[in-house]
Amino acid sequence: MIRFARHAVLVLMLACALWPAERSQAAATLDPHEGDVTLQDFHFQSGETLASLRLHYTTLGRPTRDASGRVTNAVLILHGTGGDGHQFLRPQFADVLFVPGGLLDPQHYFIVLPDGIGHGKSSKPSDGMHARFPHYDYADMVAAQYALVTQGLRINHLRLVMGTSMGCMHSFMWGENHSAFVDALMPLACLPVEIAGRNRVWRAMIIDAIKNDPAWAGGEYKSPPPEAMRTTIDLLLIAGSAPLQMQKTLPTRDAADKYLHEAQAREASALDANDILYAVDASRDYDPSRTLGKIDAPVMWVNSADDFINPPELGIAQREAEKLKRGRFVLIPASDETHGHGTHTWASVWQSYLAELLNKSANR
């Protein structure tokens, strides 16, 4: 039987279509701490402001400081579109990296898992402002992350910034904007270029489907706009799909049809159209390609060959990786172990590259 995490479809837009819902074994013993940081009078790139911007976060472990007071063990892990920091407590991530002796064992590292603007328990359109919420973009999200880290958590240095999907894109921006602040970067499942081609087309389809549904009512709907949500869910399922995994788990026509219909029915009432609209549109002006050479930190950039969103045949990653001073690009071949775009969260597939990066950047 296929099991899904709550609100799985939106998370799966930039993840794997068959994530298990269970919490990891490691998570039960990690003693996570959750909190909120409020940023006053936050200014967005659009010119809009928000008098009070709430940023939610989860942390594991405790910060360690050297004799000069610099934090030496802080790790920032950034989620994908529609996700939140809690997604990294699922088994395929936490039971590999956060276990005793794991590469990111909280006994040795201070792990920070923020909810980005518009996501999780951070401020978002569905809190009440609806389509009057400021039109945030990735630059706003990274600026807010930096404020959370420095002002909210009083961290003055990061050992590692790791990001999946949208968080992968944010990782490149962290490297360009705060290179001296970070020892190492591990972007997982993205391309550091303008969102164009098929990647932009399917995002634009979602945006248009929501805005053109009369039931959206300019964002002031009382119940989810049905046609918009059906189109959105269908596109998200395909974008986050893993062909080999879905073929194994849905081996018959009836199984595939049942899966689709159940997903449509469940998620149509669980997702918020305004939150989806804002989250998808936030990538509209993303393009760090012109200044990748500014990144001084070592970079271990990992994509998988079965990624619908970042197909390797484009050749973009190989081209852009040459701009990195101390970067390595790894393309994981499609196999029975990969999960499409969602390979980014199955840590067993790529943890050897994380080990290499941590070793390479140990004395930076």
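Asp 31 is exposed, because its relative accessible area is 65% (exposed means over 50% relative accessible area, buried under 20%, and partly exposed in between, with a 1.4 Å probe and protein chains only). Accessible areas come from the Shrake-Rupley method with a 1.4 Å probe, and for residues only the protein chains shown count as cover. The model is a predicted one, in which local features need pLDDT of at least 70 and side-chain atom pairs count only at pLDDT 80 or more, whereas totals for chains, interfaces and linings use all residues. Residues are numbered from 1 along each chain as its sequence is written, and side-chain values use heavy atoms, with hydrogens and water left out.

Asp 31 sits in the loop between helix H1 (8-12) and strand E1 (33-43) (helices, H or I with at least four residues, and strands, E with at least two, are DSSP runs numbered from the N terminus). Its backbone deserves a look too: although Asp 31 is not a glycine, it has a positive phi of about 55°. Most residues other than glycine have a negative phi. Arg 154 is another residue other than glycine with a positive phi, here near 60°. Arg 154 is placed in the loop between H3 and strand E5 (160-164), and it counts as exposed because its relative accessibility is 58%.

We turn next to the disulfide. How many disulfides does the structure hold? There is one, and it joins Cys 168 to Cys 190 with an S to S distance of 2.0 Å (a disulfide being a pair of cysteine sulfur atoms within 2.5 Å). This pair links distant parts of the chain, with Cys 168 in helix H4 (residues 166-177) and Cys 190 in the loop between strand E6 (185-188) and helix H5 (197-211), 22 residues apart. The disulfide is left-handed because the torsion about the S-S bond of Cys 168 and Cys 190 is about -65°. Both cysteines, Cys 168 and Cys 190, are buried.

Charged pairs come next. The structure holds 14 salt bridges (a salt bridge is a side-chain nitrogen of Lys or Arg within 4 Å of a carboxyl oxygen of Asp or Glu). One of them pairs Arg 54 with Asp 127, whose closest N and O atoms are 3.1 Å apart. Arg 54 lies in strand E2 and Asp 127 in the loop between strand E4 (110-114) and helix H3 (138-152), so this pair ties together parts that are 73 residues apart in sequence. Arg 54 is partly exposed because its relative accessible area is 27%, and Asp 127 is likewise partly exposed, at 43% relative accessibility.

A salt bridge also forms between Arg 328 and Glu 356, at 2.7 Å from N to O. Here again distant parts of the chain are linked: Arg 328 is in strand E8 (residues 327-332) and Glu 356 in helix H11 (residues 347-360), 28 residues apart. Arg 328 is partly exposed, with a relative accessible area of 33%, and Glu 356 is partly exposed at 31%. Salt bridges that share partners also join Arg 54, Lys 124 and Asp 127 into one network. Among the other salt bridges is that of Asp 281 with Arg 284, with the closest N and O atoms 3.2 Å apart; Arg 284 counts as partly exposed at 32% relative accessibility.

On the surface, a patch of positive charge brings together Arg 70, Arg 326, Lys 360 and Arg 364. Such patches are made of residues with over 30% relative accessible area and no salt bridge, like charges being joined within 9 Å and nonpolar side chains (Val, Leu, Ile, Met, Phe, Trp, Tyr) within 5 Å. Lys and Arg count as positive and Asp and Glu as negative, while His and the chain ends are not counted; the place of a charge is taken as NZ of Lys, CZ of Arg, CG of Asp or CD of Glu.

Ile 332, found in strand E8, is buried because its relative accessible area is 9%. From C-alpha to C-alpha, Ile 332 and Ser 304 are 4.5 Å apart in space, and 28 residues apart in sequence. Pro 243 lies in helix H7 (residues 243-249) and counts as exposed, at 52% relative accessibility. Pro 243 and Asp 307 are 64 residues apart in sequence, with 9.5 Å between their C-alpha atoms.
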